[in-house]
Amino acid sequence: MYASGKYGSRGPALIPRMKTKHRIYYIALFSLVLLGLIATGMFQFWPHSIESSAEWTLEKGSVHDAPLIRLPVSSPIPERGDLSCRMHTCFDVYRCGYNPKNKIKVYIYPLQRFVDEFGVPISSTGLSREYNDLLSAISDSDFYTDDVTRACLFVPSIDVLNQNSLRVRDTAQALAMLPRWDKGMNHLLFNMLPGGPPDYNTALDVPRDRALLAGGGFSTWTYRQGYDVSIPVYSPLSTDVVLPERQPGPRRYFILSSQTAIHREYRAELERLKEENGDALLLLDKCSNLSQGAASARKRCYKGQVYDYPQILQESSFCVVLRGARLGQAALSDVLQAGCVPVILADSYILPFSEVLDWKRASVVIPEEKLSEMYTILKSIPHRQVEEMQRQAYWFWEAYFSSMKAIGLTTLQIINDRIYPYAARTYEQWNNPPVVKWSSVNSPLFLPLIPPRAPGFTAVVLTYDRVESLFRVITEISKVPSLAKLLVVWNNQNKSPPEESLWPKVGVPLKVVRTKENKLSNRFFPYDEIETEAVLAIDDDIIMLTSDELQFGYEYFNYLYTYKMPGDIKNWVDAHMNCEDIAMNFLVANITGKAPIKVTPRKKFKCPECTAIDGLSLDQTHMVERSECINKFASVFGTMPLKVVEHRADPVLYKDDFPEKLKSFPNIGSL
């Protein structure tokens, strides 16, 4: 006990002495470690740039609160602009880097008020409402970043939309003072009204080094293909006037001209066309008996009669858009909003967003020298195509012209597609309006991927009693390498199919299905015997197709045809014994929004051995009825899903002088 008591008496005495001796040392060491951890955390989460703390937002967007920047007389001036600039020469794509979302990052400079050495602003209007809306849209989008170090593209908060309000030299000096300017590299400027009197240049006159320009009046001389972006001239009427919905179709007037500042030679030519064609053409002008102001800007007159503008545009099938002092005209936006097909007469004009938009689908472009032939040219366009163009014109406005937000984000998307081409939007995504939903069917292209029960495709051959022709079709189809099964649909209830021993010997399973009724729609029934993902539906007299052509491609839409075809189309086909192939094309085009890949001319579908009794297609009334069924199907679908195309593509190596062994599909004929 003594030993333990002795130990116990010394232990407690030693501990207080150690705390007293090293207390300051331990506290100091602990404090240093703690401060280091705090500093490390602050470094990780604190902004890495002073510029990033001054991001542009709507709340901070007041020009009156923006700092005042005085421009010295000796401030540098950028070069006028390099016409040879392209994305690979004047744009640093490495700033954009890789990101999982394939989105460029856009930084907006903080608002600043630039004045010259005498305190005079560089712009007479300051920040316009339109430019404020555009910057707000960018800042609210997925493109925006407030971290300048992550930015791929820089947008100045200097408003250059309207050159009329700018002092060109001072504006250029203000651009050069931007901290990240670097000769305009990766900078984007928006301008809608370029040039000034007397020559009205078609691009912004402000020297801008290598900066990209989104311009509203480019000509082929000033537009840098693949670098600049041609944008529309925004029309304030887009937000101030709401037009009632107007369905495509015939209108009260055939041609309408509503621009007020037309050159006298063009005006004289339009008046001559008016005399020749009477009420088919309405030629409007500025109202001379109204006081100037906002109200008069929304009025047009003809011989004392006053019309509301832009409402009157909805009363015409075609609307003339002539060049003025500038190539780009706000009238184009008004015309599109009205669903009127624009007739554009502005030589060398680069149409808005023409890099991605197919203007042939929504407008008619006529050389200025052919203004006198305009009526004849427009009369040659089929009514159905005019309706499609009316629908497309309105959709272009709604998607790309209707607001500064739409214009700004479309511009950024085009630049984004250049930088990330592998993730770019397709032609169909840019140009095809949303598909008319006539049922709840989802596109099979977006259904869950399920492995097919068998590879290859099944050939479904519809026949009645043409046995010899049927056997020839079976023999030819059996040569196709991808064929998995042959299914013969016997449509004759009064006659039995041939005996098994008489059928051609083929290397794939062959099954004969007898139907209960003689209907053309039986060729598209989803039979249980079909185990492949793809199906080729073919008639028993299609003997001119080669095995190479059959191998070329196929789609699977039988289920939709049988169970989801809208209206009474199926019954109409069965009753008329015609147009089942057209009905299937309507269905596929409506679902996918795509045109047929290949349409063989009528002259190729010849059957020398067939007689009028043997073949329905040889009847003289057959082709007439097929034209009628197109109108019938279009009325049921509520639109014309078939696409008008002006493209021809002959098979690869078809006409080239290559050995047959080197050709993948030597037996594909010409289109």
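**Notebook: looking up the disulfides**

I started with the link of Cys 319 and Cys 340, which is right-handed, with 105° about the S-S bond. The model is predicted, so I kept the ground rules in view: local features need pLDDT of at least 70, side-chain atom pairs count only at pLDDT 80 or more, and totals for chains, interfaces and linings use all residues. Residues are numbered from 1 along each chain as its sequence is written, and side-chain values use heavy atoms, with hydrogens and water left out.

Where do Cys 319 and Cys 340 sit? I found Cys 319 in strand E12 (residues 316-322) and Cys 340 in the loop between helix H8 (331-337) and strand E13 (341-345), 21 residues apart. Helices (H or I, at least four residues) and strands (E, at least two) are DSSP runs, numbered from the N terminus. The S to S distance of this pair is 2.1 Å, and a disulfide here means two cysteine sulfur atoms within 2.5 Å.

Next I checked burial (buried is under 20% relative accessible area, exposed over 50%, partly exposed in between; 1.4 Å probe, protein chains only). Cys 319 is buried at 1%, and Cys 340 is buried at 0%.

Then I looked at Cys 85 and Cys 90, whose sulfur atoms are 2.0 Å apart in a disulfide. This link is left-handed, with -80° about the S-S bond, and both cysteines are buried.

Cys 96 and Cys 152 form a disulfide too, with sulfur atoms 1.9 Å apart. Their pair ties together parts that are 56 residues apart in sequence. Both Cys 96 and Cys 152 are buried.

How many disulfides does a search of the whole structure find? I noted five.
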